[in-house]
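Work through the exercises below with the model in view. Try each task before reading its solution.

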Amino acid sequence: MKELRTVIRDLRKDKDLKQKTVATYLGVSQQTYSNYENGHREIPLWVILQLSKYYMVSTDYLLGADTGYLGNTNLNGKYLDDITMHDVVYNIQQLNAKDRHDLLRYIRFLKSGNQE
């Protein structure tokens, strides 16, 4: 399992972002953010929550409890109208397990030509 500092570094690099950009979003110095990524400073809970929102991933993913993030697969391209695939995946990740199960069952139903 990856350490939190590695996960946030990989996410930042996947998005081709500079440490300064993420630090500015968080309202901390670039040096402070660098210390988070390098393991020289403990990452506060509020930072984890903000990074979850910033990268649109679950806190479970950041903490290593969920490996649902697919990496850099151009999820930001338009999928339908103004919705990106990233938006779709993010919204699915926010569903509880029962609702995700129901959604998958519905997708299978649609793919089968509505002949279930």
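Contact means heavy atoms within 4.5 Å. The model is predicted: local features need pLDDT of at least 70, side-chain atom pairs count only at pLDDT 80 or more, and totals for chains, interfaces and linings use all residues. Residues are numbered from 1 along each chain as its sequence is written, and side-chain values use heavy atoms, without hydrogens and water.

**Exercise 1.** List the elements of the protein chain from the N terminus on.

Solution. Helices (H or I, at least four residues) and strands (E, at least two) are DSSP runs, numbered from the N terminus. The protein chain has seven helices and two strands. Their order is α-α-α-α-α-β-β-α-α.

**Exercise 2.** Is Glu37 buried or exposed?

Solution. Start with the place: Glu37 lies in helix α3 (residues 30-38). Next, the cut-offs: buried is under 20% relative accessible area, exposed over 50%, partly exposed in between (1.4 Å probe, protein chains only). Glu37 counts as buried because its relative accessibility is 3%. Last, its partners: beyond residues up to four places away in sequence, Glu37 touches Arg5, Ile8, Arg9, Arg12 and Gln19.

**Exercise 3.** Find which residues touch the most other members of the largest nonpolar core.

Solution. Such a core is a set of buried Ala, Val, Leu, Ile, Met, Phe, Trp, Tyr and Cys residues joined through side-chain atoms within 4.5 Å. The largest has 18 residues, and Ile8, Tyr33, Leu51 and Leu62 touch the most other members. Two or more residues each come from α1 (4-14), α2 (19-26), α3, α4 (45-55) and α5 (59-63). Now take Leu62: leaving aside neighbours within four places in sequence, its contacts are Leu4, Val7, Ile8, Leu11, Ile48, Leu51, Ser52 and Val57.
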